[in-house]
Amino acid sequence: MAGDRTESVPPDQSADLARRIARHRPGHALDRAFYTDAGIFERDLDRMLLKHWFLAAHASSVPRTGDFRVVDLGAESIIIVRSAPAEIRALLNVCRHRGSRVCTTASGRATAGRLTCPYHAWTYGLDGRLLVAREMPEPFDRSDFGLRSLPVRVVEGLIFTTFAREPLDFASAEAALTGSAGVHGWAKAKVAHSETYSINANWKLAIENYMECYHCQPAHPEFSKRHVYARPAAQSEAIEREGRRRADALGIVIADVDEYGESSRPGGESVSVFRSALNEGVDSATRDGRRIARLMGAFGGHDGNSTYFDIGPISDFLAYADHGVIYRFIPRSVLHTEMEVIWLVHEDAVEGTDYDVAQLTWLWKTTSIEDKRIVEHNQAGINSRFFEPGPYSSQEPYARRFVDWYLRELAGN
Amino acid sequence: MAGDRTESVPPDQSADLARRIARHRPGHALDRAFYTDAGIFERDLDRMLLKHWFLAAHASSVPRTGDFRVVDLGAESIIIVRSAPAEIRALLNVCRHRGSRVCTTASGRATAGRLTCPYHAWTYGLDGRLLVAREMPEPFDRSDFGLRSLPVRVVEGLIFTTFAREPLDFASAEAALTGSAGVHGWAKAKVAHSETYSINANWKLAIENYMECYHCQPAHPEFSKRHVYARPAAQSEAIEREGRRRADALGIVIADVDEYGESSRPGGESVSVFRSALNEGVDSATRDGRRIARLMGAFGGHDGNSTYFDIGPISDFLAYADHGVIYRFIPRSVLHTEMEVIWLVHEDAVEGTDYDVAQLTWLWKTTSIEDKRIVEHNQAGINSRFFEPGPYSSQEPYARRFVDWYLRELAGN
Amino acid sequence: MAGDRTESVPPDQSADLARRIARHRPGHALDRAFYTDAGIFERDLDRMLLKHWFLAAHASSVPRTGDFRVVDLGAESIIIVRSAPAEIRALLNVCRHRGSRVCTTASGRATAGRLTCPYHAWTYGLDGRLLVAREMPEPFDRSDFGLRSLPVRVVEGLIFTTFAREPLDFASAEAALTGSAGVHGWAKAKVAHSETYSINANWKLAIENYMECYHCQPAHPEFSKRHVYARPAAQSEAIEREGRRRADALGIVIADVDEYGESSRPGGESVSVFRSALNEGVDSATRDGRRIARLMGAFGGHDGNSTYFDIGPISDFLAYADHGVIYRFIPRSVLHTEMEVIWLVHEDAVEGTDYDVAQLTWLWKTTSIEDKRIVEHNQAGINSRFFEPGPYSSQEPYARRFVDWYLRELAGN
């Protein structure tokens, strides 16, 4: 579906873009225009964002048949709807008559198994088929006017979709999710809380920020006290080894996967999984380091580790023994990105008894507010015509890897 | 005056526009770019909006010599001023010295018959002539520096103006207004109330919405209970016939006029008039269906009909036996349109005695708020790069007609 | 530094700009595009704003070593920091690593003589040298990654800087400042108050407005009652003569300098100085015309004059015997300009005893609020496609001179 009815690009702008890509200095941040140019943002959508899979929601947020959530990306809007007890669909939220949004609330429930456009009452089934359209002149074949359907994969409770007409192969991603979210029991999780942060910055700055922990010690003291990952590799080896020993002792097996970006399989979606230890005495990502909710999945105890996994360019996950955190990055326009953070707990956990929302969300709320601020300051500095991209540190390999991948995608290779 | 000092258009953009126009599918909504592209919006102004007549105000809003109102369109601003007891003028609200707005309030009264620019005190007569300009170096001929004057037609209390240098012939419009607003007594009306709705959508979506009643049943239950026009033609024929019978019985003669858009006379302004019945037992557009104000014009009683008339692309009118409603659409920028709604009653009607403003305005306030919402949802959906214009229903012939007309105007034919 | 990494300009736009410049009518305001086109605003920065010196701050606002202020221009941000007791530096507020703002507050103090980027903790000395950068892969030479340094001149307490790689000669400006701000004792002044006004208009309208007093009588009654300058030359000659006599009697010698704009020395910065009398009985720019603070500099009494001086295109000054007023114009984007007004008093003056802030700031707060309004009305009118630039009056020679200068700079001569 990507590129379907895209506006044509004036040829000299493409040439210009190719020149910009060619003059990138390896190991350095991107040039200003990649973070500030509205035309390049449209290319970001065409050539990368709309081609990859991304997380739409956790399945627990549409529990009953007919429940839906509206999910955005750029100027696009999708309806994620449970179309049958064991089936979830993704439908383009654009009426096939005159283009109105069909669902106009962030979430809701289709009455009588139908999605009715509020403008002219064209009525669709939960599978997107057009069921009713009054007063249409003949010839009119309703089967030509269903809501556009997007591919969906539900893995371990995570609903993925993509705008791509020929979607990237999801097999590696599925295997990696089974080996990570699966072990963490996310198929039997529920959403305990979510927050959306509006960031006045280009989406790539938000992703680069997520991808590196060079900034953790200066900018995230709360995270750094709990997560070994904030330290340079040389300072964390022994602690990480100890963490793996604890996991082994509990029988937790989560294999690293490194098929991210340029390392992804040909035609396959990008995926990475790795674990990193928590500091000594830290069981979970809480203020006092103590457990916060019921143990999940295969975890019979706290092994003092966290599991990071990433699918495609904008969907990132972080799992502890007793809860999970999802980061959904939602590029909206060249200088505006939304960041939705979703906290998961065991589906049987009871708020107030098994967990306290304020305690559960404290670390990643604090960290997200810090991230919004530092990413916006980053954008402000980059807006300078005198900005010169500097070299990445040895603690930013994943940011560098993201940027290399991005440029290759943008070049259309 | 249109095109006067317009910025030149890069030739390849015009070519692109011609291609877009050529690929329009008859009977379908417009392509996305017509609703989202800032460059096309400038073309809309040059080739359509600034060439047609539009309603500026009702004459009762500038009752005394010197009274003025400021009226906007796009980035343009006009002063509508009563320059003599029986004379109304339209002046460009741009000082001929350095370009300041001359009138900086929405309405007011020229003191001592003069309009003085608040910046450098250049002072103009109510006819726009420059009267005073201090300290101007010779040679300086004040007669070269009057405020630009726009053509004005006042018909049945309705003040029309246009930016066109060679205005479209207004004779058909004048005749049609006499046969509609005239019968409804709008020359002896006054403004009872007005509201302005700010709509985050392209102006054409607001016009298409006004032009069709396919959406009335789903989106306007209050309107649909009172107006037969909400129904498909096949379901309303008998009731409409009955309505015409009631009009005949009261001696009300308002002829249909169909010179709208592509059906307008060569060189003449677009105009249409038609009547439609109210539902049984409904006398006026009120909550209980009962009359709300003094009878107007030729109406000796309530005939249970409403009269719709339209002049040019953005001025629309709706008359009942006891009150009137004016819709002024004010395109401001590509994604922003203002919609002013003006309620008229008999000039001798007394508020509190003859009419109650809350009752008078209830239906069209309700309907306008609904319209703002549905038009904005329409725009949001159209912003999708996957939006495909769908076919108009048989209840949207006037929307289709508007779109055909628009494309022809934009093509410059 | 100007033009350093500037995005390339499509050639046909430059050609278009040259055509626009060529068709300017001498003695008239600029065409609309110069006030509304975002591309031309970028040219304004490249070819004029970033090439000239501008006032960053008064030295008293960074009294101690380590004190800094952040100063903006367009999308640029500079750190003005006292790097040693007798040394002030200007550093680009863009980290050399990934581009974050280094200082993120309007003012502050570097702790331990270091400026640390809040993102990844790259740490710079007050001279901009990079002192600490953790975990950088070899080869990495810290001396390659200092903050960019801009030239600084501190004259009579006024801190000037420029983005120009080859700065304009500042000798004339320095001499003129010594002969004006020096006589007024601004080297021994302090900031008593400052205000920033956000003006929704192009910066050139704000400058033109500052440069002419044709609007003073209609728009600034408070100013006009106190300043003879509000009158046309023919009406003020006798009073100005009397003012000069009073200055002579007090031994105040401030010579006129007229090297503004096109009259500036080749390769030298633009500068002008002139004095103008206050009205009879007015000692200072206060509500009651009476003195407001301690006498400054060479002034042994009030001579009933004001001294106007200007350096470059956006830095303007006004001095009385007992206080000073600085206007900093800060172009931000094509339709947005900030105007910072700074009030100076004798460095030993004590608030509450020697001066009252409300009294001190009354006239120029009142006048600035009026200026914001009239400049915004000017912009609104100019946005009309029917705006035709009119002729300057004989009371606007400096506005005309500014416009002529601007066009020459923009043409790149």
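**Note on the chain contacts and a buried strand**

1. Across the interface of chain B and chain C, 8 salt bridges are found, a salt bridge being a side-chain nitrogen of Lys or Arg within 4 Å of a carboxyl oxygen of Asp or Glu. One of them joins Glu42(B) to Arg385(C), with the closest N and O atoms 2.4 Å apart. Helix 3 (residues 38–49) of chain B gives the most to the side of chain B that touches chain C, with 3 residues; helices (H or I, at least four residues) and strands (E, at least two) are DSSP runs, numbered from the N terminus.

2. Please keep in mind that this is a predicted model, in which local features need pLDDT of at least 70 and side-chain atom pairs count only at pLDDT 80 or more, while totals for chains, interfaces and linings use all residues. Residues are numbered from 1 along each chain as its sequence is written, chains are lettered from A and ligands numbered from 1 in the order in which they are written, and side-chain values use heavy atoms, with hydrogens and water left out.

3. The contact between chain B and chain C takes 36 residues from chain B and 36 residues from chain C, where contact means heavy atoms within 4.5 Å. The size of an interface is often given as the accessible area lost when the parts come together. Here chain B and chain C bury about 3100 Å² between them, with 48% of it on carbon and sulfur atoms; buried area is the accessible area (1.4 Å probe) that two parts lose on being put together, summed over both.

4. Tyr214(B), Arg385(B) and Phe386(B) supply 29% of the area that chain B buries against chain A, more than any other three residues.

5. How many salt bridges are counted between chain B and chain A? The count is 8, and among the salt bridges is that of Arg148(A) with Glu388(B), whose closest N and O atoms are 2.3 Å apart. The interface of chain B and chain A also has 17 residue pairs in polar contact (both at pLDDT 80 or more); a polar contact is a pair of N or O atoms within 3.5 Å, where within protein one must be able to donate a hydrogen and the other to accept it, and residues adjacent in sequence count only if both atoms are side-chain atoms.

6. In the salt bridge of Asp46(A) with Arg385(B), the closest N and O atoms are 2.2 Å apart. Asp46(A) lies in helix 3 (residues 38–49) of chain A and Arg385(B) in the loop between helix 9 (357–382) and helix 10 (397–411) of chain B, so the pair joins two chains. Arg385(B) also forms a salt bridge with Glu76(A), at 3.8 Å between the closest N and O atoms, and because Glu76(A) lies in strand 3 (residues 76–84) of chain A, this pair too joins two chains.

7. Within chain B, Asp44(B) forms a salt bridge with Lys204(B), the closest N and O atoms being 2.7 Å apart. Asp44(B) lies in helix 3 and Lys204(B) in helix 5 (residues 203–211), so the pair ties together parts that are 160 residues apart in sequence. Asp44(B) is buried at 0% relative accessibility, and Lys204(B) is likewise buried at 0%.

8. Finally, in chain A, 7 of the 7 residues of strand 15 (residues 305–311) are buried, so this strand is largely enclosed by the rest of the structure. Strand 15 pairs in the antiparallel sense with strand 14 (residues 271–277) over 7 bridges, two strands being paired if DSSP finds at least two bridges between them, and Phe274(A) stands opposite Tyr308(A). Strand 15 also pairs in the antiparallel sense with strand 16 (residues 315–319), over 5 bridges, and these two form a hairpin with 3 residues between them, where Gly312(A) in the turn has a positive phi of about 65 degrees.

Conventions. Buried means under 20% relative accessible area, exposed over 50%, partly exposed in between (1.4 Å probe, protein chains only).
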